Amino acid sequence: MNHKISLIGAPTDIGAGSRGASMGPEALRVANITSVLQSHGLEVLDKGNLSGPSNPWQPPVNGYRHLPEVTAWNRSLHDAVYTELQDGRMPIVLGGDHCLGIGSISAVARHCRDTGKKLRVLWLDAHADFNTNTLTPSGNIHGMPVACLCGFGPQELIEIGGHVPAISPKWVRQIGIRSVDEGEKRFVHEQNIEVFDMRYIDEMGMRSAMELALALMDSNTHLHVSFDVDFLDPDIAPGVGTTVRGGPTYREAQLCMEMIADTGRMGSLDVFELNPALDERNRTAEVAVDLIESLFGKSTLMRK
């Protein structure tokens, strides 16, 4: 795993249905993400925050809320992530809402095309985020990033990264899903996205889900982890705008992160949807940083 880390703040809630995720990057810094990563021998460079248009808080137009602003933020993030990857560093995106996954992952996919690497995307989330403007009940683009990355969305968003589609649905593994809109559910099945929902995890366990989600990777695979904090059960992570009960417990989430770390393949990371306005004394940010630490090798057990 790359030991040169770049933190990129993306302080916007432009794609979300509630305000506050724009404060997520600073909450993660307050939770000492830099020093925690440095304690594992990592070289951490905080690149500060990107800037972009403010949230106009307008209703949807043609099924999309704030499309011009969402496009501007994602183009900016694409360029920042791509630059760090070109420089041989691992980008960690501190969000911000999950619409930013479009810019981040399109940059990773572009880098993989440049370098001839295969891409695997782990989508840790309560939601499938596979809506379109005709399926969405809200028009909020944070419910659409996977669809946009797979080529189903407005031209402005699907063309970021210079290749349409940016990724194939076959490269995505979704973990922890438990809230999917009806039309979105059918669309996910049509595109054959591999989903390990909470029923699968209840029946088979997190270990089985992660073994399958991480299967068939090799030394030429770039693993991207897109971590939406609402992946976690709200009992341990209340600071998100879209809480859904029945998510992974703390130990299940730790196992998920530890098994990702065991592969040594993670090349980029997103942390999205942390909303300090809805949190309790920053404890969701602290849990998120704790789990991120596990992605970089912290283990709860002494192992040879």
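These questions and answers walk through a predicted model of one protein.

Visitor: How many helices and strands does the protein have?
Guide: The model is predicted, and the elements are assigned from its atoms. The count is 11 helices and 8 strands.

Visitor: What radius of gyration does the protein have, and why does it agree with a compact globule?
Guide: The chain has 304 residues, and a compact globule of that length would have a radius of gyration near 19 Å. The C-alpha trace spans about 55 × 45 × 40 Å along its principal axes. The radius agrees with the globule value: the protein has 17 Å.

Visitor: What share of the residues counts as buried?
Guide: The protein exposes about 12,300 Å², and carbon and sulfur atoms supply 49% of that area. To count as buried, a residue needs under 20% relative accessible area. Of the 304 residues, the buried share is 59%.

Visitor: How far apart are the mean positions of the positive and negative charges?
Guide: The protein has 27 positive and 38 negative charges. Their mean positions are separated by 5 Å.

Visitor: How many residues of strand β3 are buried?
Guide: Side chains in a regular strand alternate between the two faces of the sheet. In β3, M90, I92 and L94 point one way, while P91, V93 and G95 point the other way. Both sets are buried. The count for residues 90-95 is therefore 6 of 6.

Visitor: Which residue of β3 is the bridge partner of L7?
Guide: Strand β1 covers residues 4-10 and runs parallel to β3. The two strands are joined by 6 bridges. In β3, L7 has as its partner I92.

Visitor: Which residue of β8 stands opposite V93?
Guide: β3 also pairs with β8, residues 266-272. That pairing is parallel and has 3 bridges. Opposite V93 stands D270.

Visitor: What is omega for the peptide bond from G95 to G96?
Guide: Most peptide bonds are trans. The bond from G95 to G96 is cis. G96 sits in the loop between β3 and α4. Omega for this bond is near 15°.

Visitor: Which residue does a cis peptide bond join to V164?
Guide: The bond has an omega of about -5°.

Visitor: Is L216 buried or exposed?
Guide: L216 is in the loop between α9 and β7. Its phi is near 65°, a positive value in a residue other than glycine. Its relative accessibility is 80%, so L216 counts as exposed.

Visitor: Is N282 buried or exposed?
Guide: Most residues other than glycine have a negative phi. N282 is not a glycine, yet it has a positive phi of about 65°. N282 lies in the loop between β8 and α11. With a relative accessible area of 16%, N282 is buried.

Visitor: Which residues does T263 contact, leaving aside neighbours within four places in sequence?
Guide: T263 lies in helix α10, residues 250-263. It is partly exposed, with a relative accessible area of 23%. Its C-alpha atom is 19 Å from that of K170, a residue 93 places away along the chain. The contacts of T263 are L214, M217 and L223.

Visitor: What covers the buried residues of α9?
Guide: The buried residues of α9 are M206, S208, A209, M210 and A213. Their cover includes β4, β5, β6, α8 and α10.

Visitor: Which residues does P56 contact, leaving aside neighbours within four places in sequence?
Guide: P56 lies in the loop between β2 and α3. Its relative accessible area is 31%, so P56 is partly exposed. The C-alpha atoms of P56 and I14 are separated by 8.1 Å, although the residues are 42 apart along the chain. The contacts of P56 are I14, H66 and E69.

Key: Residues are numbered from 1 along each chain as its sequence is written. This is a predicted model: local features need pLDDT of at least 70, side-chain atom pairs count only at pLDDT 80 or more; totals for chains, interfaces and linings use all residues. Side-chain values use heavy atoms; hydrogens and water are left out. Buried means under 20% relative accessible area, exposed over 50%, partly exposed in between (1.4 Å probe, protein chains only). Helices (H or I, at least four residues) and strands (E, at least two) are DSSP runs, numbered from the N terminus. Two strands pair if DSSP finds at least two bridges between them. The radius of gyration is taken over C-alpha atoms; the globule rule is 2.2 Å times the number of residues to the power 0.38. Accessible areas come from the Shrake-Rupley method with a 1.4 Å probe; for residues, only the protein chains shown count as cover. Lys and Arg count as positive and Asp and Glu as negative; His and the chain ends are not counted. The place of a charge is taken as NZ of Lys, CZ of Arg, CG of Asp or CD of Glu. Contact means heavy atoms within 4.5 Å.
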